Amino acid sequence: MNILSSRLSLMIALLLSAGVAGAQDIQKPGVNSPTSFAIVVDQNTYSQAKKEIDSYKNAVEKDGLGTYIISSNWKNPEEIRSVLKKLYNQKQSLEGAVLVGDIPIAMIRDAQYLTSTFKMNQKVNWQRSSVPSDRFYDDFQLEFDFIKQDTARKDYFYYSISPAGSQKINMSIYSARIKPPVIAGKDKYQLIREYLNKVVIEKSRENKINDVFISTSHGYNSESSNAWAGEQLAFKGQFPDLFRPGNQVKFFSFLNETFLKFNLLSALKSKDLDIAIMHGHGDTDIQLVNGYPYVSNPQGSIENLTRYLRAKVRDAKDAKRDVEKVKEGFVKSLGVSMGWMDNAFDPKVIEADSIFNDDLDIHVKDILSAKPNARFVMLDNCLTGSFHLDEYLAGYYPFSGGNNIVAIANSIGVLQDLWPDQLMGILQHGSRVGNWFKHTAYLESHIMGDPTFSFTANTDFDVNKAITGKNSVAYWKTLLSKPDADLQALSLVYLARLLDSKALSALLKKTYLNSPYETTRMQAFQLLERLDNADYQEILISATKDPYEFIRRNAVNEISERGGKEFIPALINMVVDDYHSERIGYKIRTTLPFMDAETSKKQLEDQVNADRLVHFEKSKADLLKLVNYSEVKVKGIIDTILDKSKADKVRLYDIMTMRAYRYHQTIPALIQTVKDQTNSDAIRIAALEVLSWFPRSYKKQEIIALCKEIEQGESYNQELKKQAKKNIGIFL
């Protein structure tokens, strides 16, 4: 069979299997590799950038990865998903895809439990309350029910997560977007052409990881110095060579400079920079870096306060409030002089304040000006990866004209307490970015740029072959013995898929108790959590004293998710030993309200005392006050949930609280509410849905029993049965 007829046969087969109405042009790989890669592009983009896309395909294949080019006038996301699934199931199985140009965007609903923290009311604007996610294209175990196409943005397609599929993310392939944001003076096709030319050149270069920086911004992780130190120690375990002469690793903190953004932009401009990991808060068009300076001298304090007052006075004027009354209010409440606000409307002062505030953070214009050269950038911020918008900050990194190839970012708000550096050490072994990413993604996580990009391996170990191959238990156990933190962690990930639960539990427990590597222990801890057995209960208590702050922090979080009395002594012991760790102290204060109040108070009395601490009285009093307040609050929530004399709106507000706050004490009331047929459907469905947010609760068996009763019972409607099935998928 000649190449033309082979290509035509594949195209026809895919069209028939997908049931697709529109024509698709599918160019087969020119390399016979164990796995394959797909460039999915809309027809207009392909016609405008054919030379560059063809060159990109050739460059990927020079790396030994057979590549398809699939072009069409795509009508909806299902067309693409169907083609990718077909290629995934072929002998030369698809390992990843990149979506180039104008590719339909799946807006996912009813799946907030698959995000790290997103909990927006879905009754508000659908464009805001849905999750733009390419898990639609890369996770074939998830199933989706089509809802509608957006009337204003025709490229938005809304889907609900179906209970028929998995309720957990387990990416079948990796995916990425090559989608330029709007840049004045350049059309999107020009930007794609320039980017792909850059990628082709970069792929021809040898470039080991030897220059990295990590930064942390104000407000991130409670500005915890112990969290920041812990990440640095763990990173040394992941990338030991970076800490040897001849290499460079920098750590930037917002405390270093009043305007740290200029240091960061300068570092990003370095032509030698390989990786930049940037922690902080953000939005679609901004990376927040600095707040007002932390100062201890009177003059600096006065400058901060007067700048704050001027901003508030201007806000009052913009809101058409009585400016003089606002000023008088500050004089009375803060005891400041009226003169501190007199120059609020002086044009020169307004300009100076504006420049000062602008210099605190990184804006789109800063990225366009700096032209970042870091090949790999992780933006650990909210919303910077909102690729469904015409202008989204992460998109300016690869398309600003510098040498950046890949930006990792989030399409919605993201949790602070994530593990952003998870398995990142495998990049030094030549892992393709996509092969790393598929182990770590949430619903909102995305790669902007070429997912096949890789750094030159520093050893002869083929990590891509390890990830994409079908390897044995013996293979992974051999790799587990290598003195490399993240290769060991990677081994645990795959052994968790191959071993029976008893053997796996023993291995994970042994690894956790004996590994000197922070990230290997964290991986073992995370995998043990999924088993949720006696070994994990033991390790969870041990983890509260782990040397690695991130493990201790996760231990507190897991205690809050479980809520059992048996964990309270260890939790209170952390008040004694670890309350100075800012983020852990914060986590303890947010966890105590979820725990049994009487046991918590007793442990506070038994442990937080003069035998163990000095000058502890205020902290103890504050914690006891918190527990007492929460006890009354939770009783009030339970009463409201069960009170059918109250309006549904009032009851629903308290029910939905459990989506964000794990008050295990409310579970019996929620179960009773679901069972009570005299409640409205809205109340019963809401109560059943919020129970899905307790998958690790000590009362989870009661929830599972309820869901099985609903699935099998005749007195429950189809909507309740659907939610019950989804809950079981989340729990099991």
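Modeller: Val100 belongs to strand S4, which covers residues 93-100. Strands (E, at least two residues) and helices (H or I, at least four) are DSSP runs, numbered from the N terminus. The model is a predicted one, in which local features need pLDDT of at least 70 and side-chain atom pairs count only at pLDDT 80 or more, while totals for chains, interfaces and linings use all residues. Residues are numbered from 1 along each chain as its sequence is written, and side-chain values use heavy atoms, with hydrogens and water left out.

Val100 counts as buried because its relative accessibility is 1%; buried means under 20% relative accessible area, exposed over 50%, and partly exposed in between, with a 1.4 Å probe and protein chains only. Neighbours within four places in sequence aside, Val100 is in contact (heavy atoms within 4.5 Å) with Ile39, Val40, Val41, Asp42, Thr45, Ile178 and Ile192. Asp42 lies 58 residues from Val100 along the chain, yet the two C-alpha atoms are separated by 7.1 Å.

Of its contacts with a separation of 6 or more, 75% are between residues 24 or more positions apart. Buried residues make up 58% of the 732 residues, and the secondary structure consists of 31 helices and 18 strands. The C-alpha trace spans about 80 × 70 × 55 Å along its principal axes.

In soluble globular proteins, nonpolar side chains tend to be buried together. Here the largest nonpolar core has 135 residues, and those with the most contacts inside it are Leu268, Phe376 and Trp436. Helix H18 (residues 485-498) gives the largest share of this core, with seven residues. Such a core is a set of buried Ala, Val, Leu, Ile, Met, Phe, Trp, Tyr and Cys residues joined through side-chain atoms within 4.5 Å. Among the contacts of Trp436, beyond four places in sequence, are Phe376, Met378, Ile408, Pro420 and Leu427. A second, separate core of 65 residues includes Trp74, Ala111, Ile173 and Leu688.

Ile559 lies in helix H22 and counts as buried because its relative accessibility is 0%. Beyond four places in sequence, Ile559 touches Leu540, Thr544, Phe567, Thr591 and Met595. Thr591 is also one of the buried residues of helix H24 (residues 582-591), along with Arg583, Ile584, Gly585, Lys587 and Ile588. The cover over the buried residues of H24 includes helix H22 (549-562) and helix H23 (568-578).

Met656, in helix H27 (residues 648-656), is partly exposed because its relative accessible area is 34%. Met656 touches Ala686, Glu689 and Val690, sequence neighbours up to four places away not being counted. Val690 is 34 residues from Met656 in sequence, with 6.5 Å between their C-alpha atoms. Pro293, in the loop between strand S14 (286-287) and helix H10 (298-318), counts as partly exposed because its relative accessibility is 22%. The contacts of Pro293 outside four places in sequence are Thr258, Asn304 and Phe356.

Two further loop residues have a positive phi without being glycine. Ser222, with phi near 60°, sits in the loop between strand S10 (211-216) and helix H8 (225-238). Ser222 is partly exposed because its relative accessible area is 28%. Lys371, with phi of about 55°, is in the loop between helix H13 (364-370) and strand S16 (376-380). Lys371 is likewise partly exposed, its relative accessible area being 39%.
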